[in-house]
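Thank you all for coming, and please keep the model open on your screens while I talk.

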Amino acid sequence: MNKFVGKVTITEVVAWIILIFVLFFTVTPILFMITASFMDSKQILAMPFHWIPSREYFTSSSRTFLTNFQRAIMGNNNNPTFFRNLLNSLIVAVTDSVTTVLLASLCGYGLAKFKFRGRNLVFMSIMATMMIPFEAIMIPLYMVTTSMKMVNTYRGLIIPFMVSAFGVFQMRQYLLTFPSEYLDASRVDGLTEPGIYAKVVLPNCKPVIATLGILSFRNQWDNLLWPLLVAQSETMKTIPLYITKFSEEKMTDEGAMMACAFLASIPMFILFFTLSRYFLGGAAVYDSRKG
């Protein structure tokens, strides 16, 4: 039996304590990355660690607190490819996010709202592909990409990830809760099926679209293995490859490595906080429809 402490139960207190611990262990590495990006190696390795850089570091005439960011951008040989690699990652991640949302929503809509023979078989076949690790198909996929002359091109980076089985699953599960009466009313009003999809379904799927978009963008933004195979020239590499190469070149410059990681994280922060109201509201909308 729960004992009340005022109007708050012990269960709620325990839940808040657990959430605070989870928040602490989640946010601490991010705060360390941000603060360490403004420090030199000596301050980063100092024990105990000081979360705020010393005043001498900011007022020193020999260097500025932006030196780490300058080194992160310029690289080891003063031949900067950071912005080009950043642009490559943006092009790949944005394109794959948009295509994943469009194709997964179309497929999920068809599997959720249209009855046809073999519908469940098609859905289970799509779900079965989630059980196959990417490493198992990586070499055959690379051979296909090579035979189609897509190595070291945007096509080779984008096309293999234009849709995901998880996205189809997520959209189907969400659209199963979408009232079919809205669709029937739209058909009575004379809307075509493409019109229903564009004007009725998509506008009412903002939470799941935001969630799928953020997850798809993050997956491609963090993708290291596939670009490592396909992107062979420095100008076609993505930001994870740049960070990997930079960390090998700057193994004793912890401040510059933290600055590089911080710069690479900024687009993800911007995307999440831009779509956070839809992303965080998705679960509540989904639960209310189930109830």
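Predicted model: local features only at pLDDT ≥ 70, side-chain atom pairs only at ≥ 80, totals over all residues.

Let me begin with Glu193, which forms a salt bridge with Arg187, where the closest N and O atoms are 2.7 Å apart. The term salt bridge here stands for a side-chain nitrogen of Lys or Arg within 4 Å of a carboxyl oxygen of Asp or Glu. Residues are numbered from 1 along each chain as its sequence is written, and side-chain values use heavy atoms, with hydrogens and water left out.

Are the two partners buried or exposed, or something in between? Glu193 counts as partly exposed because its relative accessibility is 31%, and Arg187 is also partly exposed, at 31%. For these words, buried means under 20% relative accessible area, exposed means over 50%, and partly exposed is what lies in between, with a 1.4 Å probe and protein chains only.

How many salt bridges does the rule give? The count comes to four. As background, side chains of opposite charge can pair when their charged atoms come close. Glu234 forms a salt bridge with Lys237, with the closest N and O atoms 3.1 Å apart, and Glu234 forms another with Lys245, where that distance is 3.3 Å. Glu234 is partly exposed, with a relative accessible area of 31%, and Lys245 is partly exposed at 32%.

Now to the empty space. Rolling a probe the size of a water molecule over the atoms shows where empty space is left. On a 1 Å grid over the protein atoms alone, a cavity is a set of points where a 1.4 Å probe fits but cannot get out, whereas a pocket is an open set with protein on both sides within 12 Å along at least five of seven lines, and lining residues have an atom within 4 Å of a point. Grid points are joined across faces, edges and corners, and a volume is the space filled by probe spheres set on the points.

The largest pocket holds about 720 Å³ of space. Its lining has 24 residues, and those nearest the centre are Phe134, Phe161, Val163, Ser164 and Ala165. Two or more lining residues come from each of helix 5 (82-113), helix 7 (134-147), helix 9 (165-176) and helix 12 (206-221). Which element gives the largest share of this lining? Helix 12 does, with six residues. By class, the lining divides into 14 nonpolar, eight polar and two charged residues, where Ala, Val, Leu, Ile, Met, Phe, Trp, Tyr, Cys and Pro count as nonpolar, Asp, Glu, Lys and Arg as charged, and the others, Gly among them, as polar.

The second largest pocket has about 490 Å³ of space. Of the 17 residues that line this pocket, Ile30, Ser265, Met268, Phe269 and Phe272 are the closest to its centre. Helix 15 (254-290) is one of the elements that give two or more residues to this lining, and helix 15 gives the most, with six. The classes here are 13 nonpolar, two polar and two charged.

Finally, there is one cavity of 30 Å³ or more, and the largest cavity has a volume of about 60 Å³. Among the residues lining this cavity are Ser89, Trp221 and Trp226, and helix 5, helix 12 and helix 13 each supply at least two residues of the lining. That lining divides into six nonpolar, four polar and no charged residues.

Key:
Helix = DSSP H or I, 4+ residues; strand = E, 2+ residues; numbered from the N terminus.
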